[in-house]
Amino acid sequence: MPHIPEADEPDRRYVPCGAVRVKSSAPRVIENFLDMAHFPFVHTDILGSEAHSEVEKYKCEIRRDVDEVWATDCVFTQPQAAKSASGAIRTDYIYRITTPFTVLLYKTCPMSETRWDVICLFVQPMEPGLCRAHPVMFLLDETSTDADLIGFQQVIFLQDRIILENQRPRLLPLEPRFETPTRADASSIAYRRWLKEKGCVYGTTLGPADTFTVTAA
Ligand SMILES: [Fe+2]
């Protein structure tokens, strides 16, 4: 488990958002979480708008000292960045992949200029092409109800699920040039390289076959 110091801050809301079954592979779910390019088209008028669809250049690296993948200096203009946001803001993001199936997001907090909201996604693989996602948030928000906060996150995640369940192949391709990346995909490229280096191929096209397709028939 990653150490999440924000979880111990007494004024932070601990918001577990339940478990969502997704007919996709765990690494596809992680990659979707890293991807900013889809915000305007999948989370229209919430996390993005079609008028601002460009993903600005950001930094991405495999941090060898801690064996994690980090994407920093990510910026996106978001109409409704969080439940607590009133109006569009330019939102800063830092992504931190701590294990092959765990990703943490530090995001501009609309309620504080000096602290981040923290959103974690723990993905539990069930089969190569099937998983359960557990989003957990540690937020600064004194006004929204738990139901409001969970509802906001679930709307976002269920929008993602539609896309994820229609992606083919369901397993994450690790062969070079199987999918054509763009500059916006720098974090995906680093994540795939990191998985490959580790030999962590479960849920990828180099791992065991996608039995879910068979068992679901
Ligand atoms: Fe999304």
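Mentor: The accessible surface of the chain comes to about 10600 Å². Carbon and sulfur atoms hold 54% of that surface. Keep in mind that this is a predicted model.

Trainee: What share of the residues counts as buried?

Mentor: Of the 217 residues, 51% are buried.

Trainee: And what is the secondary structure made of?

Mentor: Five helices and eight strands. Along the sequence the pattern reads β-β-α-α-β-β-β-β-β-β-α-α-α.

Trainee: How compact is the chain for a protein of that length?

Mentor: The radius of gyration is 17 Å, close to the 17 Å that the globule rule gives for 217 residues, so the chain is as compact as a globular protein of that length. The C-alpha trace spans about 45 × 35 × 35 Å along its principal axes.

Trainee: Let's pick a helix. Why is α1 described as largely enclosed?

Mentor: Helix α1 covers residues 26–34, and nine of its nine residues are buried, so the rest of the structure largely encloses it.

Trainee: Which residues are those?

Mentor: A26, P27, R28, V29, I30, E31, N32, F33 and L34. The list of buried residues in α1 includes R28 and E31.

Trainee: Which residue does E9 pair with?

Mentor: E9 forms a salt bridge with R12. The closest N and O atoms are 2.7 Å apart.

Trainee: Are those two buried or exposed?

Mentor: One of each kind, roughly speaking: E9 is partly exposed, with a relative accessible area of 27%. R12 is buried, at 10%.

Trainee: Which residues are in the network with them?

Mentor: Salt bridges link E9, D11, R12 and R115 in a network.

Trainee: How accessible are R183 and E54?

Mentor: R183 counts as partly exposed, at 49% relative accessibility. E54 counts as exposed, at 58%. The cut-off for exposed is over 50%.

Trainee: And D67, which residue does its side chain meet?

Mentor: The side chain of D67 meets that of K198 in a salt bridge, at 2.5 Å from N to O. D67 is in the loop between β3 and β4 (68–78) and K198 is in helix α4, so this pair ties together parts that are 131 residues apart in sequence.

Trainee: How accessible are those two?

Mentor: D67 is partly exposed, at 34% relative accessibility. K198 is partly exposed too, at 37%.

Trainee: What does the backbone do at D67?

Mentor: Phi of D67 is near 55°, a positive value in a residue other than glycine.

Trainee: What about phi of D45?

Mentor: Phi of D45 is near 65°, also positive in a residue other than glycine. D45 sits in the loop between α2 and β3. D45 is exposed, with a relative accessible area of 52%.

Trainee: Next, the peptide bond from R168 to P169. Cis or trans?

Mentor: Cis, with omega near -5°. P169 lies in the loop between α3 and α4.

Trainee: Last one. Where is S49?

Mentor: S49 is in the loop between α2 and β3. S49 is buried, with a relative accessible area of 13%.

Trainee: What is S49 in contact with, leaving aside neighbours within four places in sequence?

Mentor: P40 and P79.

Trainee: And how far is S49 from L172?

Mentor: Their C-alpha atoms are separated by 27 Å. Along the chain, S49 and L172 are 123 residues apart.

Key. Residues numbered from 1 in each chain as written. Predicted model: local features only at pLDDT ≥ 70, side-chain atom pairs only at ≥ 80, totals over all residues. Heavy atoms only, no water. Helix = DSSP H or I, 4+ residues; strand = E, 2+ residues; numbered from the N terminus. Rg over C-alpha atoms; globule rule 2.2 N^0.38 Å. Buried < 20%, exposed > 50% of the residue type's maximum accessible area, 1.4 Å probe, protein only. Areas by Shrake-Rupley, 256 points an atom, 1.4 Å probe, with all protein chains shown as cover. Salt bridge = Lys/Arg side-chain N within 4 Å of Asp/Glu carboxyl O. Contact = heavy atoms within 4.5 Å.
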